[in-house]
Structure formats: C-alpha cells, structure tokens
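Here is a friendly walk through one structure, meant for someone seeing it for the first time. Have a look at it, then read on.

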Amino acid sequence: MILGAIEAGGTKFVCGIGKEDGTVIERVSFPTTTPEETMAQVYSFFENKGVQAIGAGFFGPIDPVKGSPTYGCITTTPKPHWSNFNVVKALKERFDVPIGFDTDVNGAALGEHTWGAAQGLNSCLYITIGTGVGAGAVVDGQLIHGLSHPEMGHIIVRRHPDDKYEGTCPYHHDCLEGLAAGPSLGKRWGVAGAELTPDHPAWEMEAYYLAQALMNYVLILSPERIVMGGGVMKQLQLFPLIHKKLQEMLAGYVSHPSLNQNIAEYIVPPKLGDNAGLCGALALAKLAADEAAK
C-alpha cells in the first residue's frame with residue numbers, strides 16, 4: 001500500500017510518500033503561507049502518485065472528533081488565514097481516498113508507538129519543544145481524544161525563582177509553551193537557544209519547566225515511555241537535567257524502576273528522528289485505510 005503523509009507546521013509543510021512499514025520513499029517541504037497557496041502545493045505533490053490513503057498531522061487547535069460539525073477543521077489557530085479552514089474537506093475534494101486527520105503531535109505519538117521508541121508498548125507520550133510546545137498520547141494503543149484533542153503545551157507551571165520573563169504565549173503568557181518554547185529562549189536570553197553554550201544557565205531553567213510538565217503527565221497519564229522531540233530537544237544536555245529534576249520533583253511518590261534506575265530509557269529522544277512527524281502522518285494514513293477496509 002502506498003500512503004501519503006502531510007506534516008503541517010506553522011512554519012513549513014512536509015509532504016511525503018511512504019509504505020505501510022513507515023518507510024519514507026519521497027519527501028518535499030515548502031513554507032506555510034495561505035491555505036490556497038500551500039494546499040495547491042500539497043495537491044501538486046500527491047497528483048498521480050497513486051496514494052491509497054493520506055494522513056494529515058496539523059498544527060492546532062483542530063477538531064479531530066468525527067461526527068462533530070467542525071470535524072476536519074483548524075479552529076482557533078493564531079496562524080493568519082488558517083482559522084476555520086476544513087483540511088479534510090479540501091483533501092477529499094481532490095483525492096478519493098481515506099483521510100486520517102489529527103494534530104501533528106498526536107501523529108508523532110502514533111508514529112513513535114507504531115515504529116519508533118515506544119514500539120511494542122501499551123502507551124506512550126510524545127512531546128515536542130520547538131516553535132511551540134505540544135504533546136500527544138497513546139493509551140491502550142489508541143490516540144486520546146475527548147471534547148477535542150489534548151493541549152498539553154498550555155498547562156500552568158510554577159515559575160523558576162530567577163525567571164522574570166513574561167512569556168511568549170499570546171493566550172496565557174506564562175504557560176509551559178510561553179516559558180519553555182524556542183522563542184522564549186531567544187527573547188529571555190537575547191540569542192537563539194542553539195547559540196547558547198551547553199553549560200549556560202538557560203538549560204537548567206528549561207529543564208525545570210519541562211520536568212514539571214513531565215511530572216504532571218506521569219501523574220495523570222502514567223505513560224510507559226516519554227519521547228521528547230523538537231528543535232529545543234536537540235540540545236541533548238537537557239535529557240540528564242530533566243531526568244534529575246523529575247526525580248527530585250516526584251520525590252519518590254511514584255516508585256517504579258522506569259522512574260528510578262532506568263529513567264534514561266524512560267525519557268528518550270525520538271527513534272524516528274526528524275521523520276517522527278512525517279512517519280506519524282503515515283501512521284494516520286494507515287489507520288484511516290484500515291478503518292475504511294472494515
């Protein structure tokens with residue numbers, strides 16, 4: 001089966017063609033502009049490729065709940081021109097194949113669960129820390145949905161004692177995303193995170209916020225593995241800092257070998273690397289094709 005994949009970010013789109021085993025055959029990327037311009041490039045890429053299903057992992061917020069009047073739509077995004085755009089309808093008008101639709105981070109969680117760092121486990125959480133912060137979760141082999149989809153990047157965290165930065169989130173200012181996303185590093189310290197030295201105090205502060213978030217996720221969801229991706233997490237010195245701070249914050253309340261002796265195998269980078277989002281979209285396509293075949 002040939003599957004199509006769309007990883008739609010606020011900055012760029014990545015489209016790909018792949019197989020049922022998660023192998024990416026072809027990929028292309030282009031800037032996210034208006035829906036008309038960007039989707040025209042999506043249509044052009046998939047034309048005559050013979051895809052049998054398409055998976056779309058999109059920046060949010062979106063409505064992924066089938067049966068909802070706004071299913072398939074991007075909803076209250078701060079990205080100009082994209083609010084209320086119906087992704088599923090637009091794709092179905094051009095391609096008569098099953099369409100899988102979810103958040104980019106839910107897709108990445110499904111991809112890591114299907115082929116990556118959480119393969120063979122019952123549950124996992126994937127969190128990306130980049131331009132924004134978002135997370136998706138798989139529980140009992142299924143992606144979590146409710147009223148909508150989880151928005152784990154906007155939880156409230158305690159401020160670091162030395163942090164006076166107001167936060168970048170246009171809705172909440174100092175939520176997790178507002179304090180820990182890539183842009184907050186640049187605005188707080190005056191240079192991009194990639195330019196900070198590994199021993200810069202920025203990383204201790206970043207780990208403080210991210211460990212708080214992971215503590216909440218561990219206490220609420222109890223995932224069997226946590227996968228941390230995105231541009232900020234390419235600073236690999238963050239992992240041991242997060243491991244240590246999470247253990248300190250949990251204070252032994254949740255006692256499990258994964259959180260004690262084996263925490264370096266519990267909180268890990270994406271096994272799929274930079275393909276986590278694209279493979280996640282392939283996993284969404286495969287899921288849509290399987291459901292359509294029932």
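Predicted model: local features only at pLDDT ≥ 70, side-chain atom pairs only at ≥ 80, totals over all residues.

Let's start with Ala251, which sits in the loop between α7 (238-250) and α8 (263-266). Residues are numbered from 1 along each chain as its sequence is written, and side-chain values use heavy atoms, with hydrogens and water left out.

What is the phi of Ala251 near? Phi of Ala251 is near 55 degrees, a positive value although Ala251 is not a glycine. Asn48, also not a glycine, has a positive phi of about 65 degrees, and its place is the loop between α1 (35-46) and β4. Most residues other than glycine have a negative phi, and most peptide bonds are trans. The peptide bond joining Gly60 and Pro61 is cis, with omega at about 0 degrees; Pro61 belongs to the loop between β4 (53-58) and α2 (87-94).

How open are some of these residues, and some cysteines? Buried means under 20% relative accessible area, exposed means over 50%, and partly exposed is in between (1.4 Å probe, protein chains only).

| Residue | Relative accessible area | Class |
|---|---|---|
| Asn48 | 77% | exposed |
| Ala251 | 63% | exposed |
| Cys73 | 9% | buried |
| Cys169 | 1% | buried |

**Cysteines without bonds**

How many disulfides does the structure hold? The count is zero, with a disulfide taken as a pair of cysteine sulfur atoms within 2.5 Å. For Cys169, the closest cysteine sulfur is in Cys175, 3.8 Å away, and that is too far for a bond. For Cys73, the closest one is in Cys15, at 19 Å, again too far.

**The sheet**

Now for an open sheet of five strands, in the order β8-β7-β6-β9-β10, with mixed pairing. Two strands pair if DSSP finds at least two bridges between them. The edges are β8 (142-143) and β10 (267-268); each has a single partner strand, so one side of each has no neighbour in the sheet.

Val139 has Gln142 of β8 as its bridge partner. β7 and β6 also run antiparallel, joined by six bridges, and a hairpin of three residues links β6 to β7. Here Tyr126 has Gly136 of β7 as its bridge partner.

On to β9: β6 pairs with β9 in the parallel sense over four bridges, and Thr128 stands opposite Gly229 in β9. Five of the six residues of β6 are buried, so β6 is largely enclosed by the rest of the structure.

**Helices alongside**

Helix α6 (residues 201-221) lies across β6 (124-129), β7, β9 (226-229) and β10, at about 155 degrees to β6. Axes are lines fitted to C-alpha atoms, for helices over the stretch in contact, and angles run from 0 to 180 degrees between N-to-C directions.

Helix α5 (residues 182-189) packs with α6 at about 140 degrees, their axes 12 Å apart. The contact (heavy atoms within 4.5 Å) includes Leu185, Arg188 and Trp189 of α5, and among the α6 residues are Trp203 and Tyr209.

Conventions
Helix = DSSP H or I, 4+ residues; strand = E, 2+ residues; numbered from the N terminus.
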